Each structure stands twice: as structure tokens, then as C-alpha cells.
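Student: I would like a close look at one part of this model, then its setting. Please keep it brisk.

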Amino acid sequence: MLSRSILSRQACLRKSSHFSQRFASTKSLRETLQEVIPAKQEQLKKLKTEHGQAVLGDVKVDNVIGGMRGLKAMLWEASVLDPIEGIRFHGLSIPDCQKVLPAAPGGKEIIPESMLWLLLTGQVPTPEQTLALSRELAEKGELPKFLEELVDSFPRTLHPMTQLGMGVAALNHDSSFQAAYERGMKKPEYWSHTLEDCINLIARLPALAARIYRNVYKPGTDLAPIDKNLDLVGNYSNLLGYGDNHSLTEYLRLYIALHGDHEGGNASAHTAHLVGSTLSDPYLSYSAALFALAGPLHGLANQEVLRWQMAMQKELGNDITHEKIKEYLWKTLKSGQVVPGYGHGVLRNPDPRFIALQEFCESRPELKSSPIIDLVNKTFQVAPDVLKEHGKTKNPYPNVDATSGCVLYHYGLTEFKYYTVIFGVSRALGALTQLVWARALGLPLERPKSLSMDAIEKLIKNA
Ligand SMILES: CC(C)(COP(=O)(O)OP(=O)(O)OC[C@H]1O[C@@H](n2cnc3c(N)ncnc32)[C@H](O)[C@@H]1OP(=O)(O)O)[C@@H](O)C(=O)NCCC(=O)NCCS
């Protein structure tokens, strides 16, 4: 049963004109998508015919040699990232989502199923629809036997992210898209098979990710079966062996929902989109994305933050003052390292996901008194000014990783090499959503033009 407070919150919000048009009907996820796709197809057609030649910006040499920063060059439906305001999912900010998206039964935080529904359809699901999606995911959550054997055969010393990427790729054994493609399916059928693969993959991620955790960190212990009455994260937490830790489970729900999507240009999302544009199936596309996420400048940063904050804690001992933290920050910078958890490719303000996680910490007495969270807070009070004085980073403020791993650590999930796997479970929501939209909109093979330095110089000379 859903808690009364959640239902009354939903009922109350339904009356608000701002959100009323966003609530889905009683339809299933597939039916809702089927309903919204034609309007989006029409919008794209109109955009192409009426504005196909409109200019969105210049391409400067700096853009080409600067990792394509600032180039408006990708279509991505589910979210848009504003440098100052942060992320919006189909126009809804994080506080908006916290107000309108259903929580888990008995919980308060956004449930990833409701975020997935919003990302896919642009609509806010009802608690009943969210519950139905949870059940569908739980019903599809078991791993095939061959995959269990494959994962169990990996050496314990293989990085958990490598194991996750390999496991996800191998799930394409059962790809509906690939099988239908081989049978000669027509283009209008693409999105439906893509959706089927995406839902199956999201459903199986907790069992796969938890199996990797068990094999690497708790070998020889039993894995709980999937409970059909639990939501995606409820099952994930249970499989990890933390099912009784309700605070951690709630935190994981919020973490996974907030990490679900961060527009399309980030390395993991972009990789999924690029590989998917070749009509590789969603398993292969998302597997490739996971290997982009495994880099230290991207998803690995949350484990780096914890390692760095703990080294700071060890060095400062009980003498944790702003002055001492400042000295430690300068020591990090002078040794040529980046301050992990700070800076961003697009954001130029504190990351609203960081703020949402900080608010979660503020709302829990056990986190308020946690030494590691206290250190994160004190670092936040000092680091932006140090980074400004250092003068290199364009964004001296914290990103989501400044705190995300430290909360996991406080709640007892202390194996930091595993943290990026949790990010990998999360990012599937947005990256897979885009694969469905790319197929529904018939987006083409991605193929930007590259230039050599000589070719750039020639172009400039002839301009
Ligand atoms: C996220 C990140 C990769 C963005 O990179 P970017 O878009 O190139 O960032 P900028 O344009 O601000 O970088 C300009 C310079 O500032 C440096 N810089 C950026 N963030 C920095 C940080 N947190 N600490 C120290 N230096 C930093 C860059 O290394 C670069 O130096 P360079 O000119 O010597 O190469 C970068 O800020 C970073 O490495 N942060 C730490 C890792 C992290 O938290 N990653 C998670 C991202 S969600």
C-alpha cells in the first residue's frame, strides 16, 4: 500500500495548473509512449522543414581542439543542462521533481521508476503507474543462467566496472532489437523493440551489479532472490545485503534517480548515443557507455573524492579547521592533481544534485553528525575560494560527486571501487531513454567531421 501522505501529496499537486497537464493517465508505460511519439515525430519534421538551415552558433577552432565544449551539436530529448541553474528533466528542475514524482511505498525520496517514466514520456506517473512499473521490472529482474556463470567466472581482481560492462554486453544474447533486425523489421518497429531491450536491461541491472558486488567483496555468501513486491532499488539494496538499512535504501533511490540523466554531451550518455546510432542494440550501446563512465574524469570521480577526503582526514587528524583544509587543498593543487568533486564541463554554479544530496544529509541526524560528511561540508566552505584563487577551473563549485560516495561510506557501503557501478546502474535510465527516442524519431548515424591541424590552418588561410 502506498502511504497516505504520498497519495494526498499527489492529489494536491494534481490540482496545480503548472503540473496538471504532465500527469499521465491510467495507461501503461508502453501505451503512454505510443501516445506521445506521434507529436514528437511531427515536431521534429516541422523543425527540419521550417528551420533546418537556422544557425545555432559558430564553430570556433577552440571548440574543435577543446573537446567540443559548448558546441550545440546533439539532439537529446529527456533533459537539458543550464550552466547556472543545472539540470531540468523535460523542463522540471530537481526541486520540481522532488515535489511531483512519486516515492517508494513508505519512503520519501524520488523513486527511479518515476524518474524513468518522466524521462521516457515527459509525463509524471501516478503512484499506481510507478508501482506497476516496479512490478514489471521485478518480474523481469532475474539473470539468465549463462550470464550468472559468466560473471562468476570473472577473477575477483577484475575491476567491478569492467565486469559490469562485460555483463551488460553479454545480455545482448537475448536482444529483441537484434533478433527483429535479423528478421527484417521495418523502421517504425525499431522503437518498440528498443524499448523492450531497455526495460529488460534496467530490470536486470540490480541482479547483475549485486552479483558482481557479492563475487568481489563477499564471496561464498548467498544472494537474495528478487522480491516481486519490491521496487528496483529495494531489490538492489536487498541483493547487496543492505535490505534492512532503510536509510541507505532511501539514499540509493535518490542517488539513482538524480544520476539518471544529465543531458547528452557527457561522455557516457554520448557514447551510448553514438554506438546506438549504428543500430547496435541497447545492450552493446550501454556497455560502451559504461566504459566511458569508468574514467576518472567522469564516473570514477566519486571514489576519488572519498579516497581524497579520507587521506585529508588521516593527515589532519583531529585538527580539522578551515585553515588546515585550505592548506591541504593547496597541497593537492600544487602536486598537479585536480580537486576531485569540483569543477564541471558545463555547470558554472554548485550542482543542484549536490545540493539535493546535502539536503538529504541535513535531514538525517546520523549524517549530520558523521565525521566524513562534516569534512565534505567544511571542504565546501573553503574549496571554491581556493579554486578561484588557483584560477584554472572554469567552475570552482562542487559537482554531485563531492558528496555522493561519502554518504555511501557512512552507511557502511565502504568498497569505493564499487561506487561507479552504482552510477552505472543509474545512468542507464537516461542513456537508454535516449535510445528509444533516437529510434522513434529515426535519428541518423552520428558522423561529425574531423580535421587535422594542417586542414584547420588551410581553412583559416582560405577564409
Ligand atoms: C569535471 C572536469 C573533468 C571538467 O573538465 P573541464 O571541462 O576541462 O574543466 P575546465 O574547463 O574548468 O578546466 C580548465 C582547467 O582547470 C583545471 N581544473 C578543472 N577542474 C579542476 C579541479 N577540480 N581541480 C583542479 N583543477 C581543475 C583543468 O584540469 C584544466 O586545467 P588545464 O588547463 O591545465 O588542462 C574537471 O573539472 C575535473 O577534472 N574535476 C575533478 C574531477 C571530477 O570531479 N569529475 C566529476 C565530474 S561530474
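Which residue just after H6 takes a positive phi, and of about how many degrees?

Tutor: Gly-122 does, with a phi of about 80 degrees. First, the ground rules. This is a predicted model, in which local features need pLDDT of at least 70, side-chain atom pairs count only at pLDDT 80 or more, and totals for chains, interfaces and linings use all residues. Residues are numbered from 1 along each chain as its sequence is written.

Now the helix itself. Helices (H or I, at least four residues) and strands (E, at least two) are DSSP runs, numbered from the N terminus. H6 spans residues 112–121, and ten of its ten residues are buried. Buried means 20 or more other C-beta atoms within 10 Å of the residue's own; exposed means 12 or fewer; partly exposed lies in between, with C-beta atoms placed from the backbone. The buried residues of H6 include Trp-117, Met-115 and Leu-118. Glu-113, Ser-114 and Thr-121 are also among them.

The protein has 23 helices and three strands. Of its 463 residues, 46% count as buried. A compact globule with 463 residues would have a radius of gyration near 23 Å; the protein has 22 Å, which agrees. That radius is taken over C-alpha atoms, and the globule rule is 2.2 Å times the number of residues to the power 0.38.

Next, the core. A nonpolar core is a set of buried Ala, Val, Leu, Ile, Met, Phe, Trp, Tyr and Cys residues joined through C-beta atoms within 7 Å. The largest one has 118 residues, and Leu-201, Ile-202, Ala-209, Tyr-286 and Leu-432 have the most contacts inside it. Helix H11 (residues 190–217) gives the most, with 16 residues. Contact means C-beta atoms, placed from the backbone, within 7 Å. Beyond its neighbours within four places in sequence, Ala-209 touches Leu-164, Tyr-236, Val-421 and Val-425 in this sense.

Most residues other than glycine have a negative phi. His-90 has a phi near 45 degrees. His-90 sits in the loop between strand E2 (86–89) and strand E3 (92–93). With 19 other C-beta atoms within 10 Å, His-90 is partly exposed. Leu-279 has a positive phi near 70 degrees. Its loop joins helix H14 (267–276) to helix H15 (282–293). Leu-279 has 16 other C-beta atoms within 10 Å, so it is partly exposed.

The sheet comes next. Three strands form an open antiparallel sheet in the order E1-E2-E3. E1 (79–82) and E3 stand at the edges with a single partner strand each, so one side of each has no neighbour in the sheet. Strands pair if DSSP finds at least two bridges between them. E1 and E2 pair over four bridges. Val-80 stands opposite Arg-88 in E2.

Arg-348 is a further landmark. It lies in the loop between helix H17 (322–334) and helix H18 (352–362). Leaving aside neighbours within four places, Arg-348 contacts Pro-83, Ile-84, Lys-394 and Asn-395. Arg-348 and His-90 are 258 residues apart in sequence and 21 Å apart in space, C-alpha to C-alpha.

Lys-394 leads on to the ligand. It is among the closest of 17 residues surrounding the ligand, along with Ala-301, Gly-343, Lys-392 and Thr-393. A residue counts as near if its C-beta atom, placed from the backbone, lies within 6 Å.

Methods. Contact = placed C-beta atoms within 7 Å.
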